[in-house]
Amino acid sequence: MLEAIISVGMALWLFGNINVIVAIWRKKILRTKGSMFVLILAITHLICNFSEIIGLVTQLRFTPMSRKKCFEYNLVYLFAMMFQSALFFSIALDLCFSIMLPIKHMIWNKHRYVTIMCIFPLIFAISTSVTSFIFIPDEQTPYCIFMLTTDIRIYQMVSTALIVLNSVTLVIILCSVLAAVRKSENMRGSRHSTGSRTNSLREEKHKVFRSTFFLVLIYIVSWWSVVVIFRIMVETIHDVKDVIHYIPYLVIVVMPNYCQAYYVTYLRSPRFRKAFREQLNWLTCGFCFPKIFEKKHEKREGKDCNGSVISYANNDSGKKNVRQGSHKCARFAQNV
């Protein structure tokens, strides 16, 4: 039953994450600073998806083996999990910078900025993976799960670091919420806030903010809850062997975290939603969302018609006919 549930989840994970990567690769308008973090998050989740597929095909989850061999199977999976956990901290910092330092955030070089913001998640993933490898006990494990490869005290230390890191991420998000609400109230009272361009920019920032907030919220509810549940079981149940039997089923709680990049951006971002619908139209050979390309065709026809009218009016004969038509319209208006 668990393997069947994971199989359905993996289909949704692969579909969503591949769609996000292809959409950002296709559309230049989607390659903003925030979208680059979503792209990195989708790639990280895709690595977790393939690791789950390997475990599903080879039946690793319910196979007893040595902890060292199990760690070798789950090394990439463990690295991706630790990286995406710390990446949400960088996403929260990016949101805070965009609200507190909007002008500087806008002029910072995109590639350099994203690279610098990914240094901490990379260091965190490397350090946790190396520490887990050093303290692998020479024992057998009944289930091949990366949480059971290292010593239980090392995992408790790593899980405590994750809880602290996620708590700081949540505090940064809440502070950003308060700062955004205060800034919107100040802008509402300003006389410059009546401009349509200012309102549209403000609305676009609010959409990005809400999308980032939902990304972090889903992560906290799914992955963070697994860490907390595991710590509670370890602390309350004296015999660790009794805890081991429940660990494989914790993946059900983590499942929403692996496909959130696609579904959150689809629901919260009109630009991503349009790109996803175009790709879904291609996948279904025009069956889904056929009106998207009909609208594009109508716009092209309208441009062609406007261009032909302009070129016709630029000709000498066209100018003469347009002038005669305008005189006739003026005479008709005077008679009426």
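Q: What counts as a cavity here, and which residues are its lining?
A: On a 1 Å grid over the protein atoms alone, a cavity is a set of points where a 1.4 Å probe fits but cannot get out, and lining residues have an atom within 4 Å of a point. The model is predicted, so local features need pLDDT of at least 70 and side-chain atom pairs pLDDT 80 or more, while totals for chains, interfaces and linings use all residues. Residues are numbered from 1 along each chain as its sequence is written, and side-chain values use heavy atoms, without hydrogens and water.

Q: How many cavities of 30 Å³ or more does the structure hold?
A: The structure holds one. The largest cavity has a volume of about 70 Å³, a volume being the space filled by probe spheres set on grid points joined across faces, edges and corners.

Q: Which residues line the largest cavity?
A: The lining consists of Leu 78, Met 82, Thr 128, Ser 132, Phe 146, Thr 149, Thr 150, Tyr 155 and Val 158.

Q: And what is its make-up by class?
A: Five lining residues are nonpolar, four are polar and none is charged.

Q: Changing topic, where does UniProt list "transmembrane region"?
A: The unreviewed UniProt entry lists residues 6-25, 37-57, 77-101, 113-136, 156-181, 212-234 and 246-267. Such annotations may be inferred rather than shown by experiment.

Q: How much helix is in 113-136 and 156-181?
A: Residues 113-136 are 88% helix and 0% strand, with end C-alpha atoms 36 Å apart. Residues 156-181 are 100% helix and 0% strand, and their end C-alpha atoms lie 37 Å apart.

Q: How do H2 and H3 cross?
A: Their axes, lines fitted to C-alpha atoms over the stretch in contact, come within 9 Å and cross at roughly 160°. H2 and H3 are therefore roughly antiparallel (over 145 degrees). Their crossing is left-handed.

Q: What about H2 and H5?
A: H2 (residues 33-57) packs against H5 (residues 110-117) at about 45°, with axes 10 Å apart. H2 passes H5 in a right-handed crossing.

Methods: Helices (H or I, at least four residues) and strands (E, at least two) are DSSP runs, numbered from the N terminus. On a 1 Å grid over the protein atoms alone, a cavity is a set of points where a 1.4 Å probe fits but cannot get out, and a pocket is an open set with protein on both sides within 12 Å along at least five of seven lines; lining residues have an atom within 4 Å of a point. Ala, Val, Leu, Ile, Met, Phe, Trp, Tyr, Cys and Pro count as nonpolar, Asp, Glu, Lys and Arg as charged, and the others, Gly among them, as polar. Axes are lines fitted to C-alpha atoms, for helices over the stretch in contact, and angles run from 0 to 180 degrees between N-to-C directions. A crossing is left-handed if the near helix is turned anticlockwise from the far one by less than a right angle, and right-handed if clockwise. Angles under 35 degrees count as roughly parallel, over 145 as roughly antiparallel, 65 to 115 as roughly perpendicular and the rest as oblique.
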